[in-house]
Amino acid sequence: MTIETRLFYHELHIYEVCGGERETINLDHIGKKIKEMRLRKKLTQQQVADECGISKSMLSKIENGQTASAIATLSKICDALEVPLSWVLEEKPEQDLVLLPKAKRPSKIGDENMGYSYELLANRSQYTGIEPTIVHVTPKDMNLREESYTHSQDEFIFILEGAIYLFYDGEKHFMEKGDSAYFQGSKPHLFIPVNNDGAQVLTFFISNPIET
């Protein structure tokens with residue numbers, strides 16, 4: 001059975017008709033998400049528009065919630081921004097408060113080959129680009145990791161328990177409980193265990209701030 005879908009524009013809303021049911025989608029909400037993600041990825045309106053085959057003025061109107069667009073166009077924009085269409089269309093707002101009891105937290109992920117395991121403390125927001133974790137550094141005699149890591153985010157760490165050597169960009173720094181550091185993840189780094197007691201490190205992965 002074919003489900004007919006039509007898009008109508010009225011008072012800055014898209015009315016999506018599916019099998020006779022009508023759902024209202026706020027264009028301001030969609031536009032804000034698109035603009036936030038474009039700025040986070042440091043793309044210009046012209047760059048995104050060219051990739052999607054639309055005009056810069058059309059993209060500007062979409063971002064400002066001034067016009068409706070076909071789902072196919074929104075899909076192309078999402079592909080250019082590397083986000084799912086469902087996230088852009090999702091009406092659920094970013095939550096001000098997200099509680100995650102310890103009992104409901106996912107189990108630790110990782111093994112000796114990684115040099116650590118970790119617990120995700122919250123789902124990363126695509127708006128804020130912050131991902132908090134607790135890193136459990138593998139005890140010295142069990143740790144098989146020698147190769148350093150790199151990634152695109154900045155990183156903030158705070159030693160909760162134990163001690164580590166922070167290897168960063170060719171230098172080794174001793175850190176113990178209560179110490180903290182902030183560094184660019186794009187440079188080689190590694191948490192090296194000091195002893196067989198292991199260590200726990202509160203870590204925030206932080207995407208580059210939005211440039212306006």
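## Lys-187 and Asp-169

Lys-187 pairs with Asp-169 in a salt bridge, with 4.0 Å between the closest N and O atoms. (A salt bridge here is a side-chain nitrogen of Lys or Arg within 4 Å of a carboxyl oxygen of Asp or Glu.) Both residues sit in loops: Lys-187 in the one between S9 and strand S10 (189-193), Asp-169 in the one between S7 and S8, so the contact ties together parts that are 18 residues apart in sequence. Strands are DSSP runs of E with at least two residues, helices are runs of H or I with at least four, and both are numbered from the N terminus.

How accessible are the two partners, Lys-187 and Asp-169? Lys-187 is partly exposed at 33% relative accessible area, and Asp-169 is partly exposed too, at 42%. (Buried means under 20%, exposed over 50%, and partly exposed in between, using a 1.4 Å probe and protein chains only.)

## A word on the model

This is a predicted model, where local features need pLDDT of at least 70 and side-chain atom pairs count only at pLDDT 80 or more, while totals for chains, interfaces and linings use all residues. Residues are numbered from 1 along each chain as its sequence is written, and side-chain values use heavy atoms, with hydrogens and water left out.

## Lys-177 and Glu-161

Another salt bridge links Lys-177 to Glu-161, whose closest N and O atoms are 3.6 Å apart. Lys-177 belongs to the loop between strand S8 (171-176) and strand S9 (180-184), and Glu-161 to strand S7 (residues 154-168), so this pair joins parts 16 residues apart in sequence. Lys-177 is exposed, at 54% relative accessible area, whereas Glu-161 is partly exposed at 39%.

Glu-82 is in the loop between helix H4 (71-81) and helix H5 (85-89), and Lys-41 is in the loop between helix H1 (27-40) and helix H2 (45-52), so the pair ties together parts 41 residues apart in sequence. Glu-82 is exposed, with a relative accessible area of 66%, but Lys-41 is partly exposed, at 32%. The salt-bridge count comes to four.

## Arg-40

Where does Arg-40 lie? Arg-40 is part of helix H1, and it is buried, with 15% relative accessible area.
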